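Welcome! Here is a short tour of a ligand site and the sheet beside it in the text. Please have a look at the model first.

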Amino acid sequence: MLDQLDKVVATYNADGFVAGLPALSLSEVEEMRAYIEWLEARHAPGAGGHSLAQFFRVNGHVVIPALAQAARHPTILAAVEAILGPNLLAWSVELFIKEPGSAKTVSWHQDITYWGMGETNDEVTAWVALSEVSQAAGCMRFLPGSHLGGVVPHTDTFAEDNLLSRGQEIAGVDEARAVYGPLAPGQMSLHHGRCFHASGPNQGTDRRIGLAIRYVTPAVRDHAPGRDWAMPVRGEVPRGGWDCIVGARGLFDPADLALYDRILMGQSAALSAGATGKVALYEKGSAT
Ligand SMILES: O=C(O)CCC(=O)C(=O)O
């Protein structure tokens, strides 16, 4: 196992991503998917002035216990710890869902551009497949080695079929060098916040469901301005820097809903910085 993790770290350091790693068992996938679909059937309006769709895309772990729990999964944490070290916090838990036949895509981007964390290496996203995430289903593709440079300019497009908050995109990516990262249900990829990545439409017959968990270390806050919130999941709880949260206490708990508002308000300035239009995803009442 340790030997395998060494290889994972070496690939991640060289390429900025690694795909096809085991994360959840098939029964865990089934349980999580069934729960997500139960929420969609019963709780689509959401709570506290936020739609379920917004909770799914932004900080779901603050109000939905199963998403907070997923960020503590030992198999995922073992791989993330091999990359980031023993002290880990979950900054965000999100779902990226593409319905079968949907034209939704994700343009080429670097995650960290608008996170208000500078260009840190102390973060990684674990993206876990909760369905078959093949090339036809619109899996992610990555540009190997692109994390080794800095953050490059992004242009807001606000394109309707773009799943990103402002449809931001990097121009002129050499797509011929891109590598697809297909995943079987329960597998995950890990990617660096500066690694260029994108994904195409879902041309399959099933939903494409991905659970993206963004991990950071205490060190991220040493040089970042303002304040920010994260949920310690392994190792020491930071004594400063981060505003530490425990994660959802119950589904849409009133205290968590109030915290959700504070976090969204606190983070939205960075997440919407420099936008050429309204970034609805980070506004209360977003139907996203
Ligand atoms: O789900 C996708 O296709 C893209 C997800 C993504 O950009 C991310 O997790 O950083």
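This is a predicted model: local features need pLDDT of at least 70, side-chain atom pairs count only at pLDDT 80 or more; totals for chains, interfaces and linings use all residues.

Residues are numbered from 1 along each chain as its sequence is written, and side-chain values use heavy atoms, leaving out hydrogens and water.

**Around the ligand**
- The residues surrounding the ligand include Phe96, His109, Trp127, Met140 and Arg208 (a residue is near if one of its heavy atoms lies within 4 Å).
- By class, this shell holds five nonpolar, four polar and three charged residues (Asp, Glu, Lys and Arg count as charged; Ala, Val, Leu, Ile, Met, Phe, Trp, Tyr, Cys and Pro as nonpolar; the others, Gly among them, as polar).

**Polar contacts and burial**
- A polar side-chain atom of serine 199 lies 2.6 Å from a ligand oxygen atom (a polar contact is a pair of N or O atoms within 3.5 Å).
- For aspartate 111, a polar side-chain atom is 2.9 Å from an oxygen atom of the ligand, and for arginine 214 the distance to a ligand oxygen atom is 2.9 Å.
- Taken alone, the ligand exposes 300 Å², and the protein buries 100% of that (areas come from the Shrake-Rupley method with a 1.4 Å probe).

**Strands that supply the shell**
- Strands S3 (106-109), S8 (197-199) and S9 (208-216) each give two or more residues to the shell (strands are DSSP runs of at least two E residues, numbered from the N terminus).
- The largest share, three residues, comes from S9.

**The sheet**
- Four strands form an open antiparallel sheet in the order S3-S8-S5-S6 (two strands pair if DSSP finds at least two bridges between them).
- S3 and S6 (179-180) stand at the edges with a single partner strand each, so one side of each has no neighbour in the sheet.
- S5 (residues 140-142) pairs with S8 over three bridges, and methionine 140 has serine 199 as its bridge partner in S8.

Terms used
A polar contact is a pair of N or O atoms within 3.5 Å; within protein, one must be able to donate a hydrogen and the other to accept it, and residues adjacent in sequence count only if both atoms are side-chain atoms.
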